[in-house]
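Thanks for coming, everyone. Please have the model open on your screens while I talk.

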Amino acid sequence: MPSQRFDRYTRLQIEDRDNGVMLITLSNPGKLNATDAAMHAELATIFVDIHNSPEVRAVVITGEGTAFSAGGDLDWISLQVGDHRRTMAAMREGGDIVRTMIECDTPIISAINGVAVGAGLAVALLADISIINQDTKFTDGHIRIGVVAGDHAVAIWPLLCGMAKAKYYLMTSDFITGAEAERIGLVSKALPADEVLPEALAVADRLARGPREAITLTKRALNHWLRQALPNFEASLAYEMLSFLGPEAEEGISALREKRKPDFTR
């Protein structure tokens, strides 16, 4: 059974499965699992707890219902605009999500069952193995609301799909299908919707049954590529938070709330 350290999580539903596999389900009912303050804070600590739990040999993370995580909760994001204290708190947690995923020795598999945006997308793509619904669409949506792409993308997108594709998608915020994401190397596998979670659990079970130390140290060695990218990530995260204090974020979030096209030229 999982350690009692996992009992405090509410936005992350924890399920203990066979062979030391843990299933984590992002849960924000009625909001397509959008990242609110509670979920963001829990994502900033869950991977430390996993790393420190020897009984957990592999982790699968997915979303409740038909979505993985539909971006940041607007009520929560709006509070950051022009608020230095809230913005700094979000920056600390955002940095912790990325750094703790990189430092977590336990294999992490994402089962991207539906739309993924924002911090949810960071978790989906920073997972060691990512399996996506081939028909779903996702985007790094920062540019759409007038802020810098700072959650994770500067660190890992160029490594996964190359600089040309990374620049295109991060600077335009175009949506990408799961099938296209597999083609350009952003994800490990794209499958029909009903196969995504079963395949992720099967991969997790295979890793959990495998040679633990060999798998752990292979992951640790590969993640040195990401550690080298951490200065780039830290810069992008700081730029993102700086942009929350400016007029473009205010216009972008207002436009999203009002269901209109933003006007960033005024």
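Start with Tyr-9. Its relative accessibility is 7%, so Tyr-9 counts as buried. Buried means under 20% relative accessible area, exposed means over 50%, and partly exposed is in between, using a 1.4 Å probe and protein chains only. One caution: this is a predicted model, where local features need pLDDT of at least 70, side-chain atom pairs count only at pLDDT 80 or more, and totals for chains, interfaces and linings use all residues. Residues are numbered from 1 along each chain as its sequence is written, and side-chain values use heavy atoms, with hydrogens and water left out.

Now the aromatic pairs. A search of the whole structure turns up 2 of them. Rings of Phe, Tyr and Trp (its six-membered ring) pair if their centres lie within 6.5 Å; planes under 30 degrees apart are stacked, over 60 edge-to-face, and the rest tilted. Phe-6 and Tyr-9 have ring centres 6.3 Å apart and planes at 35°, so this pair is tilted. Phe-6 is buried too, at 4% relative accessible area. Tyr-168 and Tyr-169 make an edge-to-face pair, with 5.1 Å between centres and 85° between planes. Tyr-168 is partly exposed at 42%, while Tyr-169 is buried at 10%.

Next, the sheet. Here 6 strands form an open sheet in the order 1-2-3-5-7-10, with mixed pairing. Strands are DSSP runs (E, at least two residues), helices likewise (H or I, at least four), and both are numbered from the N terminus. Two strands pair if DSSP finds at least two bridges between them. The edges are strand 1 (12-16) and strand 10 (189-191), each pairing on one side only. From one strand to the next, the twist averages 20°. Strand 7 (residues 129-133) runs parallel to strand 10, over 3 bridges. In that region, Asn-133 stands opposite Leu-191 of strand 10.

What packs on the sheet? Helix 8 (residues 193-209) does, touching strand 2, strand 3 (58-63), strand 5, strand 7 and strand 10. Contact means heavy atoms within 4.5 Å. The direction of helix 8 makes about 165° with that of strand 7. Axes are lines fitted to C-alpha atoms, for helices over the stretch in contact, and angles run from 0 to 180 degrees between N-to-C directions.

On to helix 4 (residues 118-126). Is it enclosed or open? All 9 of its 9 residues are buried, so helix 4 is largely enclosed by the rest of the structure. Among them are Gly-118, Leu-121 and Val-123.

Then the cores. A nonpolar core is a set of buried Ala, Val, Leu, Ile, Met, Phe, Trp, Tyr and Cys residues joined through side-chain atoms within 4.5 Å. The largest has 61 residues, and those with the most contacts inside it include Phe-47, Ile-50 and Trp-157. Helix 1 (residues 37-51) gives this core its largest share, 6 residues. Ile-50 touches residues including Phe-6, Met-22 and Val-56. Another core, of 14 residues, lies apart from it, with Val-21 and Ile-131 among them.

Met-22 sits in strand 2. Met-22 is buried, at 1%. Met-22 and Val-56 are 34 residues apart in sequence but 6.5 Å apart in space, C-alpha to C-alpha.

Last, a loop residue. Asn-113 lies between strand 5 (108-112) and strand 6 (116-117). Asn-113 is buried, at 15%. Its contacts include Thr-62, Phe-68 and Val-196.

Technical notes
Lists of a residue's contacts leave out its neighbours within four places in sequence.
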